[in-house]
Amino acid sequence: MKNHYSDHHHASAGTQGPSAVMAFVKNWTLPLAIVAGVVAYFVYVNIHWLDFTHGFAAQAVGVIQPVLIFMMLFLTFLSIGPHDLHLRRWHLWHVLIQVVLFAGLTMLLASLADTHWRIILESAMLCLLCPTATAAAVVTRKLEGNPADITTYTIIINIAIAITAPVLLPVAHPHEGLTFLPTFMLIISKVFPMLICPLLAAWAVRRYFPALRRALVRYSDLPFYLWAVALSLAIAVTVKAIVHSDVPVIYEVGMGIVTLVCCLAQFIVGKRIGAIYGEHIEGGQALGQKNTVFIIWLGYTFLSPVTAVAGGLYSIWHNIFNSYQLYKKRKQSGIIP
């Protein structure tokens, strides 16, 4: 069942409701969040009397981001019960695509000499391997898709990656002590708490505190704005990683191109497969919107540390694409003339 929002109501309220500034912010939340993240980073690092706070700020972001993501997912999952999670045929096609492409690039990397150009291919592998972003359910809901189906896929693909990555990563990038079980447990500990814990917490509230659930679900747009704040922080961290990267410019350009191609290709292919089963929005978000924090962590932990930049670059591309999709949705709805 598709989820619909009160955008028309807010739009028709016009000058009677939100001010022109608030309407602008509502219409362009994601682009503003991206710009805010970039500007905030450069302003902050250039206020030199705040230099002593840099260490604390990095630690604070490391705490604030997970809290925002937990709250965002918790509020989203309040509207999704266990009975709403169903396996769809496009789920199987998407998993097959990700695993086969991951395996293919792994074999190709294993046959290549150890040159700087490997990081370009490793970047592509990370972008194709990476599971769906937990925030994909929030964007899917905003696009009037089915957040339950993409939540189901997010769980499935995280399990699939947790099993296949420990098998294939040592082939692509041999690493002493990189065996299946420790790698499997490391990946599980990284990706599942931020997905499963808010889901279980939301189901507990649905079951034992129905009045609290009814009060919280009234704020249907709140998860989206929480995600916008988390996005600003993520973009600021991404800019920091790119600025401080010691990767030669030519390789950064190459990584930028390959991550952009991977982003567009996955959105397009995901949408086309999803459309066959009447869920093009869900299909596109499932394959195109990635857990870029996972890309960064995976690059640092198991591959060449410089490939972590690929996660930051992909984060920029998929959020720009999401901004474009939301713009098209508002335009089609008549919210933007």
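**Group meeting: a helical chain and its contacts**

Let's start with Arg118 and Glu122: they sit 4 residues apart in helix α6 (residues 118-129), which puts about one helical turn between them. Helices here (H or I, at least four residues) and strands (E, at least two) are DSSP runs, numbered from the N terminus. Arg118 and Glu122 form a salt bridge, with 3.6 Å between the closest N and O atoms. By salt bridge I mean a side-chain nitrogen of Lys or Arg within 4 Å of a carboxyl oxygen of Asp or Glu. Arg118 is buried and Glu122 is too; buried is under 20% relative accessible area, exposed is over 50%, and partly exposed is in between (1.4 Å probe, protein chains only).

Quick word on the model. It's a predicted one, where local features need pLDDT of at least 70 and side-chain atom pairs count only at pLDDT 80 or more, while totals for chains, interfaces and linings use all residues. Residues are numbered from 1 along each chain as its sequence is written, and side-chain values use heavy atoms, with hydrogens and water left out.

Okay, the overall picture. The protein chain has 16 helices and 0 strands. Its radius of gyration, taken over C-alpha atoms, is 20 Å, close to the 20 Å that the globule rule (2.2 Å times the number of residues to the power 0.38) gives for 337 residues, so the chain is as compact as a globular protein of that length. Of those 337 residues, 47% count as buried.

Back to charges. The count comes to 4 salt bridges. Which residue does Lys142 meet in a salt bridge? That's Asp221, at 3.0 Å, N to O. The two come from distant parts of the chain: Asp221 is in the loop between α11 (210-216) and α12 (222-243), Lys142 is in helix α7 (residues 136-142), and they are 79 residues apart. Both of them are buried.

Another one is Glu144 with Lys329, closest N and O atoms 3.4 Å apart. Glu144 lies in the loop between α7 and α8, and Lys329 in helix α16 (residues 308-332), so this pair ties together parts that are 185 residues apart in sequence. Lys329 counts as partly exposed, at 23% relative accessibility.

Now, Lys142 has a second contact to show you. Its charged end sits over the ring of Phe224, 5.1 Å from the centre; the rule is NZ of Lys or CZ of Arg within 6 Å of the ring centre and within 35 degrees of the ring normal.

That brings us to the rings. Phe, Tyr and Trp rings (for Trp, the six-membered one) pair if their centres lie within 6.5 Å; planes under 30 degrees apart are stacked, over 60 edge-to-face, and the rest tilted. This gives 9 aromatic pairs. One of them is Trp90 with Tyr153, tilted, at 5.8 Å centre to centre and 35° between the planes. Trp90 is in helix α5 (residues 89-111) and Tyr153 in helix α8 (residues 147-172), so we're looking at a link between distant parts of the chain, 63 residues apart. Both residues are buried. Then Phe224 and Tyr225: ring centres 5.6 Å apart and planes at 75°, so that pair is edge-to-face. Phe224 is buried, at 4% relative accessible area, whereas Tyr225 is partly exposed at 28%. Together with Trp227 they form one aromatic cluster.

Last stop, Val269, which is in helix α13 (residues 249-276). Is Val269 buried or partly exposed? Partly exposed, with a relative accessible area of 36%.
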